[in-house]
Amino acid sequence: MAFLSTILNRVVATSVITGAVVLSPVLSTIALAETLNGAGATFPAPLYERYAREVRKKFPDLKVNYQGIGSGGGIRQTIAGTVDFGGSDAAMKDEDIAKVKNGVILVPTAGGAVSVVYNLPGINKLRLSRSTLPDIFSGKITNWNDEKIKADNPGVNLPNQPIKFVVRADSSGTTFIFTNHLSAINGYFKGRIGANTAPKWTLPNALKGKGNPGVAALVRSTPGSIGYVEYDYATKNKLNSAEVQNKKGEFVAPSLASANSALSTVTFPNNYRVFVGDPGQGYPIVGLTWMMVYQKYSNPTKAEAVKKWINWVLKDGQQYNDDLNYTKIPGDVVNRVLQTVNTTVK
């Protein structure tokens, strides 16, 4: 009986050990499963939503939610600590960075063009010079057949009707990219409006849309209107985009190629914060967008999930940028950013 008892004990012990070996990967997967919540800029929202879908194919245990609420909202929520990462097309200012108690890293993820979109039935090509465009959005030009617009578009039958302006209702990185360019090329605009995520517009009866989707919808439904949206929103909504004059004097339409040309000469400093005001070539109204991640998280699992997410975005995710008309981050910059993230995020 003693012999039989010993055998039975060994069988039970072996079964327990085997069960533990079988179960341990499952338990490990459950332990590592993590959801990351992000919010901020609508400019990269289509791209981040694509990232979130694709990353789960490689890491089923990683779920990422992103809500497009505007860059201002992304910065506020990053400061408040209510998100795992924020999104903004306007790089955080020093005073905002100082408010983030757990520290913050600006991670550039993409670049892109801001289209000047318009709704003029029968007019599929519109050119706006470096002097005309700022005059329109500072309120100096209020009619479509103004002499300056006519001079930019010889032979085009422009209507004698008021311009209906469409701008953002929320604090917006897209607005910052747009106003930053106009401020860089026009002193009057800079002094009267300035580069801002939520400027005080001096435009008569301006319509206001929430996010890029809101502005796109208003322009599409309002004949005689003009506004600005991220390029992908212009293409998806089949909106006409104006050709804008660059520093070389060329009239350039927004495109992935022309945005890449403009951003090809950008130099990234150690904090990866860049303000592109008036590039020397390509389409001139361009900017970058960033994810804002903390240096310190509440627990190691969250920190590891954030690092996994950022590494995937900058290594694997960049292949999707072209599909949605966003520029990629240069390889040398990617390596620098990942070195910062992998050694700093805890």
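This is a predicted model: local features need pLDDT of at least 70, side-chain atom pairs count only at pLDDT 80 or more; totals for chains, interfaces and linings use all residues.

Colleague: Which element gives the most residues to the lining of the largest cavity?

Modeller: The residues that line the largest cavity include F176, I177 and N180, together with V286, G287, L288 and W290. Two elements, α7 (173-185) and β12 (286-294), each supply at least two residues of this lining. With four residues, the element that gives the most is β12.

Colleague: What is the make-up of that lining by class?

Modeller: Among the lining residues are D89, F275 and G287, and for the classes it matters that Asp counts as charged, Phe as nonpolar and Gly as polar. Sorted in this way, the lining of the largest cavity has eight nonpolar, two polar and one charged residues.

Colleague: How many of the 13 residues of α7 are buried?

Modeller: A residue is called buried when its relative accessible area is under 20%. Among the residues of α7 that are buried are F176, I177 and N180, and these three also line the largest cavity. The helix α7 is mostly covered, and the number of its 13 residues that are buried is twelve.

Colleague: How far apart are the end C-alpha atoms of α7, and what span should its 13 residues have?

Modeller: The expected span is 1.5 Å times one less than the number of residues, so the 13 residues of α7 should span 18 Å. This agrees with the distance between the end C-alpha atoms of α7, which is 19 Å.

Colleague: Which kind of aromatic pair do Y294 and Y297 form?

Modeller: The count comes to 18 aromatic pairs. For Y294 and Y297, the ring centres are 5.5 Å apart and the planes are at 75°. Planes over 60 degrees apart count as edge-to-face, so the pair of Y294 and Y297 is edge-to-face.

Colleague: Is S255 buried, partly exposed or exposed?

Modeller: S255 is found in the loop between β11 (251-252) and α11 (256-263). Buried means under 20% relative accessible area and exposed means over 50%, so S255, at 23% relative accessibility, counts as partly exposed.

Definitions and conventions:
Residues are numbered from 1 along each chain as its sequence is written. Side-chain values use heavy atoms; hydrogens and water are left out. Buried means under 20% relative accessible area, exposed over 50%, partly exposed in between (1.4 Å probe, protein chains only). Rings of Phe, Tyr and Trp (its six-membered ring) pair if their centres lie within 6.5 Å; planes under 30 degrees apart count as stacked, over 60 as edge-to-face and the rest as tilted. On a 1 Å grid over the protein atoms alone, a cavity is a set of points where a 1.4 Å probe fits but cannot get out, and a pocket is an open set with protein on both sides within 12 Å along at least five of seven lines; lining residues have an atom within 4 Å of a point.
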